[in-house]
Amino acid sequence: MLMVEFAARLFDEKLQRLPTSIEELVPEFLPAVPLDPFSGNSLIYRQTDSGYDFDLDTLIRPTKSSGVVGFGGMN
């Protein structure tokens, strides 16, 4: 997931938009679509209204309306 995160950020920096699919990152930003270590299938990438489903900022993003910083949404 970290490789995809970095590749998506490089893609965004170059093209001024997020990729619509993980395949858009191949081959310029990733050599191939990474495999999900749990299923063995291609890693799933999807955007949400706030950006990525999971990204580097997820661990520091506020998760409650109190503004308390959580760890991966586990407050």
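The chain averages a pLDDT of 77, and 64% of the residues score at least 70, in what is a predicted model. Confidence is highest in helix α1, at a mean of 92, and lowest in strand β2 (residues 51-52), at 56. The points below take up confidence, the aromatic pair, the nonpolar core and the salt bridges in turn.

**Confidence**
- Over residues 68-75 the pLDDT stays under 50, and for this stretch the model has 16 contacts beyond four places in sequence.

**The aromatic pair**
- The structure holds 1 aromatic pair, formed by F11 and F29, whose ring centres are 5.7 Å apart and whose planes stand at 65 degrees, so the pair is edge-to-face.
- This pair links distant parts of the chain, since F11 belongs to helix α1 (residues 2-15) while F29 lies in the loop between α1 and β1 (47-48), 18 residues apart.
- F11 has a relative accessible area of 2% and is therefore buried, and F29, at 18% relative accessibility, also counts as buried because the cut-off for buried is under 20%.

**The nonpolar core**
- The largest nonpolar core has 9 residues, namely V4, A7, F11, I22, L25, F29, L30, L43 and Y45, so that both rings of the aromatic pair, F11 and F29, take part in this core.
- Leaving aside residues up to four places away in sequence, L25 touches V4, A7, A8, F11, P19 and L30.
- E23 is found in the loop between α1 and β1 and is partly exposed, with a relative accessible area of 49%.
- E23 and Y45 are 22 residues apart in sequence, and their C-alpha atoms are 9.3 Å apart in space.

**Salt bridges**
- Side chains of opposite charge can pair when their charged atoms come close, and in this model the count comes to 3 salt bridges.
- R9 and E5 meet through their side chains in a salt bridge of 2.3 Å, N to O, and both residues lie in helix α1, 4 residues apart, which is about one turn of the helix.
- Within that pair, R9 is partly exposed, with a relative accessible area of 35%, whereas E5 is buried, with a value of 5%.
- The side chains of E28 and K14 meet in a salt bridge of 2.4 Å, N to O, and this pair links distant parts of the chain, with E28 in the loop between α1 and β1 and K14 in helix α1, 14 residues apart.
- Both E28 and K14 are exposed.
- R17 forms a salt bridge with E24, and their closest N and O atoms are 2.6 Å apart; R17 counts as partly exposed at 36% relative accessibility, as does E24 at 26%.

Technical notes
Residues are numbered from 1 along each chain as its sequence is written. This is a predicted model: local features need pLDDT of at least 70, side-chain atom pairs count only at pLDDT 80 or more; totals for chains, interfaces and linings use all residues. Side-chain values use heavy atoms; hydrogens and water are left out. Rings of Phe, Tyr and Trp (its six-membered ring) pair if their centres lie within 6.5 Å; planes under 30 degrees apart count as stacked, over 60 as edge-to-face and the rest as tilted. Helices (H or I, at least four residues) and strands (E, at least two) are DSSP runs, numbered from the N terminus. Buried means under 20% relative accessible area, exposed over 50%, partly exposed in between (1.4 Å probe, protein chains only). A nonpolar core is a set of buried Ala, Val, Leu, Ile, Met, Phe, Trp, Tyr and Cys residues joined through side-chain atoms within 4.5 Å. Contact means heavy atoms within 4.5 Å. pLDDT is the predictor's confidence in each residue, from 0 to 100. A salt bridge is a side-chain nitrogen of Lys or Arg within 4 Å of a carboxyl oxygen of Asp or Glu.
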